[in-house]
Amino acid sequence: MEYTEIKLNVSNDNIKEYKLFDGIKIYSDIFISEDKKSLTNKRVYITKKKNYVYYERTDVNWNYWHDKNKYDFSFDTNSIKHNIIFEVSKDLTSFSHYLGERVVEKIMLKEATGEIVEKLDI
């Protein structure tokens with residue numbers, strides 16, 4: 001496996017703050033809110049020291065504004081709570097409350113069978 005430098009924005013306010021480490025992204029998914037006005041991006045990385053990093057970020061769904069039929073003049077983009085979660089753990093199951101047990105089990109199975117990164121000589 002080849003690790004790359006990962007730089008994550010972890011600032012929940014206007015002052016920029018970043019976490020930098022060498023890792024591999026092993027899970028990523030984006031969830032849209034029920035009202036379609038916000039997006040939550042969830043990611044899991046594995047580090048060189050075999051720790052797991054959980055990163056979650058909630059932001060305004062700017063694509064919501066592309067459909068003029070859905071435009072809501074009363075919607076204040078500041079009402080979307082910008083939220084970032086950054087956690088490090090030796091145990092992937094500690095992220096079950098964020099991802100659900102089924103997703104964690106799938107990641108663990110793929111990691112155990114070497115399916116996360118397959119190096120091809122093609």
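A residue is called buried when its relative accessible area is under 20%, exposed when it is over 50%, and partly exposed in between, using a 1.4 Å probe and protein chains only.

Before going on, the ground rules. This is a predicted model, where local features need pLDDT of at least 70 and side-chain atom pairs count only at pLDDT 80 or more, while totals for chains, interfaces and linings use all residues. Residues are numbered from 1 along each chain as its sequence is written, and side-chain values use heavy atoms, with hydrogens and water left out.

When I say strand or helix, I mean a DSSP run, E of at least two residues for strands and H or I of at least four for helices, numbered from the N terminus. Two strands pair if DSSP finds at least two bridges between them.

Now the neighbours of strand 3. Strand 2 pairs with strand 3 in the antiparallel sense, over 9 bridges.

On to strand 4. Strand 3 and strand 4 also run antiparallel, joined by 9 bridges. Leu39 has Asp59 in strand 4 as its bridge partner. This hairpin has 4 residues between its strands, and Lys50 in the turn has a positive phi of about 65 degrees.

Next, charges. How many salt bridges does a search of the whole structure find? It finds 2, counting a side-chain nitrogen of Lys or Arg within 4 Å of a carboxyl oxygen of Asp or Glu. In one, Lys48 meets Asp22 at 3.7 Å, N to O. That pair links distant parts of the chain, 26 residues apart: Lys48 is in the loop between strand 3 and strand 4, and Asp22 is in strand 2. Lys48 is exposed at 52% relative accessible area, whereas Asp22 is partly exposed at 32%.

In the other, Asp59 and Arg57 have their closest N and O atoms 2.5 Å apart. Asp59 is partly exposed, at 23%, and Arg57 is also partly exposed, at 23%.

Last, helix 2. Its 12 residues, 101–112, reach 16 Å from first C-alpha to last, close to the 16 Å expected, which is 1.5 Å times one less than the number of residues. Just after helix 2, Gly114 takes a positive phi of about 75 degrees.
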